[in-house]
Amino acid sequence: MGLLNVKSLNNKSFLVNNVITTSKLDFMFLTETWLEQNNSATILIETAPPNYNFFDVCRSGKRGGGVAAIFKNVFQGKQMSFGDFPSFEYLCAVLKCSPRVLLLIIYRPPKYHANFFDDFTELLSSISTDFDYLVITGDFNFHTDDLNDKGAK
C-alpha cells in the first residue's frame with residue numbers, strides 16, 4: 001500500500017503510474033488530486049497501470065482537494081458514501097471479500113475547522129460496526145511539530 005499527497009495529479013499521472021509499478025503496490029491512495037469531474041477518468045486511466053481499477057471523489061465547487069484509490073483488479077470493490085461532511089473529503093470503498101474490509105481515504109484541508117473531530121467521529125460511528133477491518137489513511141493536516149496547530153493539540 002502507498003499514500004501520496006500529489007498536489008495535482010494532472011501533470012503527474014505517469015510518475016505515479018511508475019511508482020505503483022516499480023513498487024509493486026496492490027493499492028495506491030492519493031490525496032489532493034485536484035481533479036474535476038470532466039477530466040478525472042482520463043487522468044486516472046493514465047495513472048493506473050494495466051490491470052488496475054480506480055475510484056475517486058472530486059471536490060465540487062472549488063479548486064483543489066479530491067481523493068482517489070488505485071488498486072489491482074484482483075480486488076473487487078464498491079465505492080460507498082456515508083454522507084457529506086463539511087470539514088473533510090473522503091472516499092470509502094468496500095472490498096468484496098471475506099472478511100469485510102472497508103478502505104477509507106481522508107483529506108482534511110489545512111484550514112482549521114472546529115467541527116472536524118465531531119464530523120470524523122460521526123463518520124466512524126456509522127461504519128465501524130459493519131466491517132471486520134478498517135483501513136484508514138489520508139492527509140489529516142495535523143502538524144504535531146507546530147505548537148500553534150490547533151488540530152494537533
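Reader: What should I keep in mind about the model and the numbering?
Author: The model is predicted: local features need pLDDT of at least 70, side-chain atom pairs count only at pLDDT 80 or more, and totals for chains, interfaces and linings use all residues. Residues are numbered from 1 along each chain as its sequence is written, and side-chain values use heavy atoms, with hydrogens and water left out.

Reader: Start with E2. Buried or exposed?
Author: Five of the five residues of strand E2 (residues 27-31) are buried, so E2 is largely enclosed by the rest of the structure. Buried means under 20% relative accessible area, exposed over 50%, partly exposed in between (1.4 Å probe, protein chains only). Strands (E, at least two residues) and helices (H or I, at least four) are DSSP runs, numbered from the N terminus.

Reader: Which residues sit on which side of E2?
Author: Phe 27, Phe 29 and Thr 31 are on one side, Met 28 and Leu 30 on the other. Both faces are covered.

Reader: What does E2 pair with?
Author: Strand E1 (residues 2-5) is parallel to E2, over four bridges. Asn 5 stands opposite Thr 31 there. E4 runs antiparallel to E2, joined by five bridges. In that pair Phe 29 faces Ala 69. Pairing requires at least two DSSP bridges between the strands.

Reader: Which hand does the E1, H1, E2 unit have?
Author: Right-handed, as a β-α-β unit. That means the path from the first strand over the helix to the second runs clockwise, with the strands pointing away from the viewer.

Reader: Switching to H2. Which residues are buried?
Author: In helix H2 (residues 40-47), Ser 40, Ile 43, Leu 44 and Thr 47. They span an arc of only 95 degrees around the axis, which puts them on the same side of H2. The arc uses directions from the helix axis to the C-beta atoms.

Reader: And what's on the face turned away?
Author: Thr 42 and Ile 45, both exposed.

Reader: What covers the buried residues?
Author: The cover includes helix H1 (13-23), strand E3 (52-57) and strand E4 (67-72). Contact means heavy atoms within 4.5 Å.

Reader: Now the four-strand sheet. What's the order?
Author: E5-E6-E7-E8, open, with mixed pairing. Strand E5 (77-80) and strand E8 (133-139) are the edges, each pairing on one side only.

Reader: How do E7 and E8 pair?
Author: Strand E7 (residues 101-107) is parallel to E8 over seven bridges. Leu 102 has Leu 134 as its bridge partner in E8.

Reader: Which helix packs on that sheet?
Author: Helix H3 (residues 116-127), touching strand E6 (89-95), E7 and E8. The direction of H3 makes about 170 degrees with that of E7. Axes are lines fitted to C-alpha atoms, for helices over the stretch in contact, and angles run from 0 to 180 degrees between N-to-C directions.
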